[in-house]
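This briefing sets out selected features of a single protein chain, grouped by topic. Please read it alongside the sequence and coordinates displayed below.

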Amino acid sequence: MAPLKFCANISWLFTELPEVTQRMRDAARAGFRAVEAAWIYSSDLKELKTVKDETGLEFALINTPPGDLSAGDLGLGAVPGREQEFRQGLDLAVQYAKALDCRRIHLMAGRVPAGADRCAVAMEMEDTFVQNLKHAAGVLSKEGILGLIEPINSRITDPRYFLDSPHQAAVILQRVAHPSIRMQMDIFHWQIMDGNLTQNIRKYLPMTGHIQIAQVPDRHEPDSDGELSYTYLFKLLEELDYQDYIGCEYKPQRSTEAGLDWLRRYWSSHN
C-alpha cells in the first residue's frame, strides 16, 4: 500500500504569516510537497509562480472566486441569476490554475438566498448548479483540469450552504455525468452531516478527486481530542488505494509548526 500524500491548506495553516507566498515557503520548509488554498486572487500571479518554482511545491487545489463575501456570497455555482458571474469566476480560476499547473478547482455551490426556504428553492438551485457544472466540464476538460464539488455541513459551519451532504453531491454528479466533475470529500463536514464514515468513504471514493481533513467538532489537528480516529481512517484510505492529495484544512491549536507532530509521525512510520 502506498503512503498517503498530504498538502497544506495555506488559507488555514501557516497563517502566522500574512502573505500567501510566505506561507508557501514555510509549508515547503515543514516538508510539504504541495499546497492548496481557498482564494489566491489578491496575490500576484507571477510572484506565486516564482515561489512555486523556487520551492518545488505543487499546487493541488484552488477554489473558484466566492462572489461578494461582504454581501453574503460563498460561491455562485448553484445561485440562480448569477450564471454569468459564475462563468467569469471560472475563467479567472482557470487562468490561475493553468499558470500554477494546478489540476483541481473546487467549484463552489454557494448559499441558499437569505430569507428563502431551502426546500422551496432546492430544485431550482440544483438545476442551476447542474447547468453551470456542465458548462464548467466543457471548459475544464479542454485544459486537463478536474472540477470538484464539496458538501459543506449546514449544521455548524454554514446553515445556508446549498450543497451539504455527499448523497446530494452524488445525485448532482449523476445528472452532470462528466468525468471532469468529481466530488471533494471533506471528512470534517461528512462526519457532522451524516457520520457512517467507513461506508460513505467506501461508497463515494470512486467518484472522489480530493480529500480534506480536520478533527470534529473543533476543527483542529487530526490527532487532537475529538470524535474521529484518523489512524483508522488513514489505514482505510490506504487499503482503498487512494492516491490523490489529502488537504490539511484545520485550525492549529497553537502554532502551525507545533501542531504538525501527527504528520511527522505518519511520515516516519511510512519511510
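In this predicted model, helix 5 spans residues 166-176, and its buried residues are Pro 166, Gln 168, Ala 169, Ala 170, Ile 172, Leu 173 and Val 176. These buried residues pack against helix 4 (118-143), helix 6 (187-193) and helix 7 (197-204), as well as against strand 5 (146-149) and strand 6 (181-186). Just beyond the helix, Ala 177 adopts a positive phi of about 50 degrees.

**Barrel and domain**

- Eight strands close into a barrel with parallel pairing, in the order 1-2-3-4-5-6-7-8. On average, neighbouring strands of this sheet are turned by 30 degrees against each other, direction ignored.
- Strand 3 (residues 58-63) and strand 4 (residues 104-106) run parallel and are joined by two bridges. Asn 63 is placed opposite His 106 of strand 4.
- An unreviewed UniProt entry assigns the feature "domain: Xylose isomerase-like TIM barrel" to residues 25-265. That span is 41% helix and 13% strand, and its end C-alpha atoms are 22 Å apart.

**Nonpolar core**

- The largest nonpolar core has 85 residues, of which Phe 6, Phe 32, Ile 181 and Ile 187 touch the most other members. Helix 4 makes the greatest contribution to this core, with eight residues.
- Phe 32 counts as buried because its relative accessibility is 3%, below the 20% limit. Apart from neighbours within four places in sequence, the contacts of Phe 32 include Phe 6, Phe 14, Leu 57, Cys 248, Leu 260 and Trp 267.

**Aromatic pairs**

- The whole structure contains 12 aromatic pairs. In one of them, the ring centres of Phe 6 and Tyr 266 are 5.3 Å apart and the planes stand at 80 degrees; this angle is over 60 degrees, so the pair is edge-to-face.
- This pair links distant parts of the chain, since Phe 6 belongs to strand 1 (residues 5-9) and Tyr 266 to helix 9 (residues 261-269), 260 residues apart. Phe 6 and Tyr 266 are both buried.
- Phe 32 and Trp 267 also form an edge-to-face pair, with 6.0 Å from centre to centre and 75 degrees between the planes. Phe 32 lies in the loop between helix 1 (20-29) and strand 2 (34-36), whereas Trp 267 lies in helix 9, so the pair ties together parts that are 235 residues apart in sequence.
- Trp 267 has a relative accessible area of 26% and is therefore partly exposed.
- Phe 6, Tyr 230, Phe 234, Tyr 250, Trp 262 and Tyr 266 are linked by ring pairs into a cluster.

**Annotated active site**

- The unreviewed UniProt entry places the feature "active site" at Glu 150 and Glu 249. These residues are spread over 100 residues of sequence yet cluster in space, the largest C-alpha distance being 13.2 Å.
- Glu 150 is located in the loop between strand 5 and helix 5, and its relative accessibility of 5% means that it counts as buried. Leaving aside neighbours within four places in sequence, Glu 150 is in contact with residues including His 106, Tyr 161, Gln 184, Asp 186, His 189 and Glu 249.
- Glu 249 is found in the loop between strand 8 (245-248) and helix 9, and it counts as buried because its relative accessibility is 11%. Not counting residues up to four places away in sequence, Glu 249 touches, among others, Asn 9, Trp 12, Glu 36, Glu 150, Asp 186 and Arg 219.

Note on methods. Residues are numbered from 1 along each chain as its sequence is written. This is a predicted model: local features need pLDDT of at least 70, side-chain atom pairs count only at pLDDT 80 or more; totals for chains, interfaces and linings use all residues. Side-chain values use heavy atoms; hydrogens and water are left out. Buried means under 20% relative accessible area, exposed over 50%, partly exposed in between (1.4 Å probe, protein chains only). Helices (H or I, at least four residues) and strands (E, at least two) are DSSP runs, numbered from the N terminus. Contact means heavy atoms within 4.5 Å. UniProt positions are given in the numbering used here, feature names are shortened, and annotations may be inferred rather than shown by experiment. Two strands pair if DSSP finds at least two bridges between them. Axes are lines fitted to C-alpha atoms, for helices over the stretch in contact, and angles run from 0 to 180 degrees between N-to-C directions. A nonpolar core is a set of buried Ala, Val, Leu, Ile, Met, Phe, Trp, Tyr and Cys residues joined through side-chain atoms within 4.5 Å. Rings of Phe, Tyr and Trp (its six-membered ring) pair if their centres lie within 6.5 Å; planes under 30 degrees apart count as stacked, over 60 as edge-to-face and the rest as tilted.
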